[in-house]
Amino acid sequence: MQKTFWTAVISLAALAACSPSAPAPAAEAPAAEPAAAPPAMADMPMPAATEAAGPITSSGKITAIDAVAGTVTLDHQAIPEVKWEAMSMAFTATDPAMLKDLKVGDAVSFDLKSAAEPTKISRIAKQ
């Protein structure tokens with residue numbers, strides 16, 4: 001009987017050694033570092049501008065003037081820099097005083113302030 005007892009103990013020990021062990025308790029993970037702040041707009045790469053950045057020159061004919069509002073309506077040529085076909089439209093003068101010597105019917109050359117502000121005229125002159 002003693003032999004059977006020791007055989008059983010050895011068998012149990014062998015089984016215990018071959019059995020998968022329970023996973024060790026997980027150690028607490030170190031605290032994650034805070035995420036880095038996104039880059040400031042000034043630091044972001046910007047694509048090259050495809051449109052004219054400065055004044056864009058064109059010409060046309062005055063069809064209406066509102067000196068009080070500082071607007072002039074022009075029947076103008078196509079302006080490819082802002083992808084406009086020839087049309088008639090109102091523009092705002094950056095300085096309303098530049099409209100004082102103009103009248104309906106005058107042929108003019110003018111500068112749009114920029115492609116970003118194409119409805120503002122920074123210069124207008126009779127041709």
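This is a predicted model: local features need pLDDT of at least 70, side-chain atom pairs count only at pLDDT 80 or more; totals for chains, interfaces and linings use all residues.
Local features are reported at pLDDT of at least 70 and side-chain atom pairs at pLDDT 80 or more, whereas totals for chains, interfaces and linings use all residues. Residues are numbered from 1 along each chain as its sequence is written, and side-chain values use heavy atoms, with hydrogens and water left out.

Two strands are said to pair if DSSP finds at least two bridges between them.

Several of these pairings can be followed individually. Strand β1 (residues 56-66) runs antiparallel to strand β4 (residues 107-112), and 6 bridges join them. Strands β4 and β5 are likewise antiparallel, joined by 5 bridges; here V108 stands opposite K126 in β5.

Residue S59 gives a local view of the β1 side. S59 lies in strand β1, and its bridge partner in β4 is S109. With a relative accessible area of 11%, S59 is buried, the term for values under 20% with a 1.4 Å probe and protein chains only; over 50% is exposed, and values in between are partly exposed. The side chain of S59 makes a polar contact of 3.0 Å with the side chain of Q77. Such a contact is a pair of N or O atoms within 3.5 Å, one able to donate a hydrogen and the other to accept it within protein; residues adjacent in sequence count only if both atoms are side-chain atoms. Apart from residues up to four places away in sequence, S59 touches H76, Q77, V108, S109, F110 and Q127, contact meaning heavy atoms within 4.5 Å.

The aromatic residues come next. A search of the whole structure finds 2 aromatic pairs. Rings of Phe, Tyr and Trp (its six-membered ring) pair if their centres lie within 6.5 Å, and planes under 30 degrees apart are stacked, over 60 edge-to-face, and the rest tilted. W84 and F91 form a tilted pair, at 6.3 Å centre to centre with 50° between the planes. The rings of F91 and F110 have centres 5.5 Å apart and planes at 45°, so this pair is tilted. Because F91 lies in strand β3 and F110 in strand β4, the pair ties together parts 19 residues apart in sequence. W84 and F91 are both buried, as are F91 and F110.

F91 and F110 also belong to the largest nonpolar core, which has 19 residues; they are among those with the most contacts inside it, together with V72, L74, L112, I121 and I124. A nonpolar core is a set of buried Ala, Val, Leu, Ile, Met, Phe, Trp, Tyr and Cys residues joined through side-chain atoms within 4.5 Å. Each of β1, β2, β3, β4 and β5 supplies at least two residues of this core.

Finally, K83 lies in the loop between β2 (71-76) and β3 (87-93). K83 counts as exposed because its relative accessibility is 66%. Its phi is near 60°, a positive value in a residue other than glycine. Most residues other than glycine have a negative phi.

Methods
Helices (H or I, at least four residues) and strands (E, at least two) are DSSP runs, numbered from the N terminus.
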